[in-house]
Amino acid sequence: MAEAWPRYRPDWRAVGWLTAVLIVVTSLPTVLGSALQTPQLTYTGARWFSPQDASVYYSWIQQAADGEWLLSNRFSAEQNVRGTLNLYWVVVGKLAALLGLSPMAAFALARLASIPLMVLAIDFFASRVLRSAGDRRWGVGLACLASGWGFLLLPWMDATPDLFTGVPATPVDLWVPEATLVHTALHSGHLAAAVAVLAVLAGAWINALRFGRPRSALAAGLWSALLFSFHPFEAVLVGSVVLVTTAVAAVRGLRPAWVLAGVWALAASPPLLVHLWSLGDPRVAARAAQNVILSPSVATLPWALGL
């Protein structure tokens, strides 16, 4: 029999303060950019992490606002035969149409709305692995505000992107927005939403294995399906974790471990089937093949992870 674990009770004070700090700090570029723009220089809302991504997000928001449910690449002369699924930007686009917002305004507001969800989800995950209220606050605070140490290596590294891959050799905390939660909150709402969903599904899966609960496995699968509906590449990470932890649980004597994994897989698979259908369009497949970035040396990861 698994040891009793307390029900989740949000630490609203910690969640509120951390949310306020992240919103204020990550909104400074938007405030300053809007205030300093001139007739010759217009602020576009793009961030220095992959600034070209903003144009894609604005296009998707506009497509959804115009009535589309499956999105296409409008920056190519060859239009997609099959659209791609991205539920996050579809919802943002539908809300933008409902509220009469421009894509840029909808993008900015979606980012702000995703930050408290991310912090609350991190607090939920921490409550599944840390019993002490003090440890939980420290864990959530470090997760939300800690940074990497990659800047310490800059004097001895070449930060110029590789000519062929476009990837610098510097630690990932200096150029990958998902590397830290501050950068995640700064870059885009869909990244913050992805972290939120990932944290909740991880907590649900912990409950499934800890107590042998099919309903927790189902919850983890449904949250995974939501994540895969706008971040399908996370399926490799999440699926690997589910597979390894299921095997460990089975070895340790949890009889329904593989049944729980099966429940998770059935619930998580529908959006992946839609993505596989979309890849039947060679244009979509070609774009997906290009959306691969090589990581720098493994030796830089300890510096990138920092605190």
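A residue counts as partly exposed when its relative accessible area lies between the limits for buried, under 20%, and exposed, over 50%. The structure shown is a predicted model, and a search of the whole of it finds three salt bridges. Side chains of opposite charge can pair when their charged atoms come close.

**Figure 1. The salt bridge between arginine 137 and aspartate 11.** The closest N and O atoms of arginine 137 and aspartate 11 are 2.5 Å apart. This pair links distant parts of the chain, 126 residues apart: arginine 137 belongs to helix 5 (residues 133-145), and aspartate 11 to the segment before helix 1 (12-36). Arginine 137 has a relative accessible area of 43% and is therefore partly exposed. Aspartate 11, in contrast, is buried, at 14% relative accessibility.

**Figure 2. The salt bridge between aspartate 123 and arginine 136.** Here the closest N and O atoms lie 2.7 Å apart. Because aspartate 123 is in helix 4 (residues 103-129) and arginine 136 is in helix 5, the pair ties together parts that are 13 residues apart in sequence. Aspartate 123 is buried, with a relative accessibility of 2%. Arginine 136 is also buried, its relative accessible area being 14%.

**Figure 3. The salt bridge between aspartate 281 and arginine 283.** In this pair, 3.6 Å separates the closest N and O atoms. Aspartate 281 has a relative accessibility of 1%, so this residue counts as buried. Arginine 283, at 32% relative accessibility, is partly exposed.

Terms used: Residues numbered from 1 in each chain as written. Predicted model: local features only at pLDDT ≥ 70, side-chain atom pairs only at ≥ 80, totals over all residues. Heavy atoms only, no water. Salt bridge = Lys/Arg side-chain N within 4 Å of Asp/Glu carboxyl O. Helix = DSSP H or I, 4+ residues; strand = E, 2+ residues; numbered from the N terminus. Buried < 20%, exposed > 50% of the residue type's maximum accessible area, 1.4 Å probe, protein only.
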